[in-house]
Amino acid sequence: MAATETGADAQAPRDVAMGTGSWARAKAILGGSAGNLVEWYDWFAYSSFALYFAPHFFPKGDQTAQLLQAAAVFAVGFLARPVGAWAMGLYADRAGRRTALMVAVLMMCVGSLVIALMPTYAQIGAFAPAGLLLARVLQGLSVGGEYGASATYMSEVAGKTRRGFWSSFQFVTMIMGQLVAIAILLLLQATLSPEDLDAWGWRIPFLIGGVMAVVVFWIRRGLKETKSYTASKEAGHERAHTMMLFRNHPRETAITFGLTAGGSLAFYAYTTYMQKFLVNTTGFAKTTATGIIAAGLVTFMLALPLIGWLSDKFSRKATLIFCFGCGAAFTYPLMSAISRVDNAFAAYLMVTALMIIISGYSAVSAAVKSELFPANVRALGVALPYATANAVFGGTAEYAALWFKQQNHENYFYIYVSVMMAVSLSIGLRLRNTNRTSLILED
């Protein structure tokens, strides 16, 4: 259990950090992060461009109905993530973190290219939304596998004294991926006519994502395996299997699920859904809403390493309590105010406030979860409960928000997010200080 320094890492050499200094560690973090950026760029490109491609795959109904159907496909992609997390988590614990990262980015490449080249409903009928669904399932399998392998890899190479800071770059690169998707959206909005963007311009970001994934595949080929993994393997510790996780680590698995439930729901409510919320509820133009979200995400991204650094100085438990406590208290008033605001700068301030709140979870998510599990089951332990909770709560965030809006009870969604943040807060309050009880044993 997490309270003791036992498990697969305990018998490994004390110095299991990768490399011999800060520069080697930084290179390893940045190498792993490059793939994470592309994975999440491809994932968020779907959400960012849904306003444009939804009518081509779901031509019936008004804008809310079309977005609702696109959000349903988005949610199905999330449902594939636990399967990918399970399969890739086992693979990463048996074959290594590096190999799993290479496989994950190739799967994302294929999914992105399928969306880019898929004919529309007018051309092939019901095969178009079916093809879109299959592509999202493939991307869901990829992202599900990416998270556990990436979080584990980055936490294992980060070093004990700066683990919160360095592992925060997992979410930094996630936000960078989202920002790149939004930047391409802004560029296309500025260079293409609305007619061209609606007709074919929305395909461009998915083509870019496919090419980026190929580049990152070659980058990841040059990564070294973590010493934490190799030490555990050389020591002959039992390799991961599914029942080992639930039999030996039920408490840690439940903690990971519970923290992810509120954290993922809020993350997607405050970031990916917020763009549609600003257009569909508040009434901003698409370009204005995109600019607000982009500015907020830049601030969010810059805050993450600071929060990670603070978690190293104080504790990761403290940042989690800040996040979930503020989320439970302020989600309803802030989202209610955003729904009525008519000034873009005021909207930016309120959206950014929500993003700063969720940074208390996002910055330390990889580190906290990795610190709960021993090396021989770490990737599976991080990935499977995370992906399951993310599918149930994060993946359905947009669908739930749009459904409540369609029922004329949009404020119920604010309550839903607040309640789930309170649930995660109750878990965070009982969490041990993983800065001291971490099962990643290293200098």
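**Close-up A. Buried residues of helix α20 in the predicted model.** Helix α20 covers residues 397-406. Its buried residues are Ala-397, Glu-398, Ala-400, Ala-401, Leu-402 and Phe-404. Asn-408, which follows α20, has a positive phi, near 65 degrees.

**Close-up B. Helix α3 and the glycine that follows it.** The helix runs over residues 81-95, 15 residues in total. From first C-alpha to last, α3 reaches 20 Å, close to the 21 Å expected at 1.5 Å a residue. Buried positions in α3 are Arg-81, Pro-82, Gly-84, Ala-85, Met-88, Gly-89, Leu-90, Ala-92 and Asp-93. After α3 comes Gly-96, with a positive phi near 115 degrees.

**Close-up C. Contact of helix α16 with helix α21.** The axes of α16 (residues 316-340) and α21 (residues 411-430) come within 8 Å and cross at roughly 170 degrees. Angles over 145 degrees count as roughly antiparallel, so α16 is roughly antiparallel to α21. On the α16 side the contact residues include Lys-317, Ile-321, Phe-324, Ala-328, Tyr-332 and Met-335. Those of α21 include Asn-411, Phe-413, Tyr-414, Val-417, Met-421 and Leu-425. By class, the residues of this contact divide into 14 nonpolar, 9 polar and 1 charged.

Close-up D. Leaving aside neighbours within four places in sequence, Ile-175 is in contact with Phe-267, Leu-297, Phe-300, Met-301 and Leu-304. Phe-44 is 131 residues from Ile-175 in sequence, with a C-alpha to C-alpha distance of 9.4 Å.

Terms used: Residues numbered from 1 in each chain as written. Predicted model: local features only at pLDDT ≥ 70, side-chain atom pairs only at ≥ 80, totals over all residues. Heavy atoms only, no water. Helix = DSSP H or I, 4+ residues; strand = E, 2+ residues; numbered from the N terminus. Expected span 1.5 Å × (residues − 1). Buried < 20%, exposed > 50% of the residue type's maximum accessible area, 1.4 Å probe, protein only. Axes fitted to C-alpha atoms, helices over the stretch in contact; angles between N-to-C directions. Parallel < 35°, antiparallel > 145°, perpendicular 65-115°, else oblique. Contact = heavy atoms within 4.5 Å. Nonpolar A, V, L, I, M, F, W, Y, C, P; charged D, E, K, R; others polar.
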